[in-house]
Amino acid sequence: MFILEINNISKAYGKIKALDNLSFNVPEGSVFGILGPNGSGKTTTLSIILDVLQADSGSYKWFGESPHAGLRKRIGSLLETPNLYHYLTAVQNLRITQSISGRGDDRDIEKVLKQVNLHERKNYRFSTYSLGMKQRLAIAAALLGDPKVLLLDEPTNGLDPVGIAEIRELIKSLAQSGHTIIMASHLLDEVEKVCDYVAILKQGKLIASGSVDSVLSDEDCLILSAAENRLIELMQGYKGISRVADTPEGVACFFDKGKVSAAEVNAFCFNNGIVLSQITMKKKKLEEKFFELTSTQND
Ligand code: ATP
């Protein structure tokens, strides 16, 4: 089942087309990444599905239901820097959030503090927290009332590597405990580590979506090294090769998925007088795929 279905949503701000016929589905229990360069429409998408902003056309469904007031309590969100008070403790801050949002009770505060691993520091003032702890407390606030879905906009923005790793582990553990997480992010490496599905946007249009593996796995790449300069030229003539690139790691040879055998390439080079010092199959990184998609596809 899909937790969220987005169907042909368009949104313009005056002449700026922020979203152009956008459709994608978020599977239940997934960690779903919405990716895109600056201005590609990620925040606009999140704002529309949270009913903060009205779409010009198109529709969406949460839990298979058209939007209605009761749905909002099943969705926790962290869209911007949270409004937490520096001079109050974690518990006091969560009580305020709770009284404003009407979500959860005192037991819930204890529970979310444990979920984000801040229980031992619950009576310390917010001002004494590291940035990573502050962000975890903000996520705790979004978890009040035990929503099924958590929407996060750039959850690791501004954090150092330790803080980023803490949020990564938190997202994974929330997913394991049955939450669906939808996050917009620029940090492709992070998305690859934490998400199992992605939608990639460019100028308001969807340019790829699906499981991270399926988005990445349209090509195989072999990295070859040899002492001879002729390697690139030789491989350009190899049957079935789609392209060859000279990279710092070696000569990258791209093939359609499943269409290459390392042993055959090795034998081909040897028979043509080149002894390879390296032959490795390389898994494409999401970052490479993202740049490939966002820089090569036109509107
Ligand atoms: P970023 O990664 O920079 O946050 P984004 O992918 O979240 O970007 P949006 O903030 O959704 O993208 O913006 C999409 C487009 O709509 C951009 O061209 C942006 O300048 C424009 N836009 C967003 N909000 C407004 C607004 N209130 N008025 C006018 N244009 C807007």
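User: What are the ground rules for the numbering and for the values?
Analyst: Residues count from 1 along each chain as its sequence is written, and side-chain values use heavy atoms, leaving out hydrogens and water. The model is predicted, so local features need pLDDT of at least 70 and side-chain atom pairs count only at pLDDT 80 or more, while totals for chains, interfaces and linings use all residues.

User: How many helices and strands are in the chain?
Analyst: These are DSSP runs, with helices being H or I of at least four residues and strands being E of at least two, numbered from the N terminus. The chain has ten helices and 13 strands.

User: What percentage of the 299 residues counts as buried?
Analyst: Buried means under 20% relative accessible area, exposed means over 50%, and partly exposed sits in between, with a 1.4 Å probe and protein chains only. The C-alpha trace spans about 75 × 45 × 35 Å along its principal axes. Of the 299 residues, the buried share is 47%.

User: Which residues surround the ligand, and which element gives the most to the shell?
Analyst: Near here means a heavy atom within 4 Å of the molecule. The surrounding residues are Tyr13, Ile16, Ala18, Pro37, Asn38, Gly39, Ser40, Gly41, Lys42, Thr43, Thr44 and His186. Both β2 (16-27) and α1 (42-49) supply at least two shell residues. The top contributor, with three residues, is α1.

User: How does the shell around the ligand split by class?
Analyst: Ala, Val, Leu, Ile, Met, Phe, Trp, Tyr, Cys and Pro count as nonpolar, Asp, Glu, Lys and Arg as charged, and the others, Gly among them, as polar. On that basis the shell has four nonpolar, seven polar and one charged residues.

User: How far from a ligand oxygen atom is the polar side-chain atom of Thr44?
Analyst: A polar contact is a pair of N or O atoms within 3.5 Å; within protein, one must be able to donate a hydrogen and the other to accept it, and sequence-adjacent residues count only if both atoms are side-chain atoms. For Thr44 the distance is 2.5 Å.

User: How much of the ligand's area does the protein bury?
Analyst: Accessible areas come from the Shrake-Rupley method with a 1.4 Å probe, and for residues only the protein chains shown count as cover. Taken alone, the ligand exposes 630 Å². The protein buries 59% of that.

User: Is Arg136 buried or exposed, and which backbone oxygen lies 2.9 Å from its side chain?
Analyst: Arg136 is in helix α4 (residues 131-143). With a relative accessible area of 8%, Arg136 is buried. Its contacts (heavy atoms within 4.5 Å), not counting residues up to four places away in sequence, include Glu166 and Leu170. The backbone oxygen 2.9 Å from a polar atom of the Arg136 side chain belongs to Val116.

User: Why does Thr156 count as buried, and which residues is it in contact with?
Analyst: Thr156 lies in the loop between β6 (149-153) and α5 (161-176). It counts as buried because its relative accessibility is 8%. Leaving aside neighbours within four places in sequence, its contacts are Ile164, Ile167 and Leu187.

User: How many disulfides are there?
Analyst: A disulfide is a pair of cysteine sulfur atoms within 2.5 Å. By this rule the count is zero.
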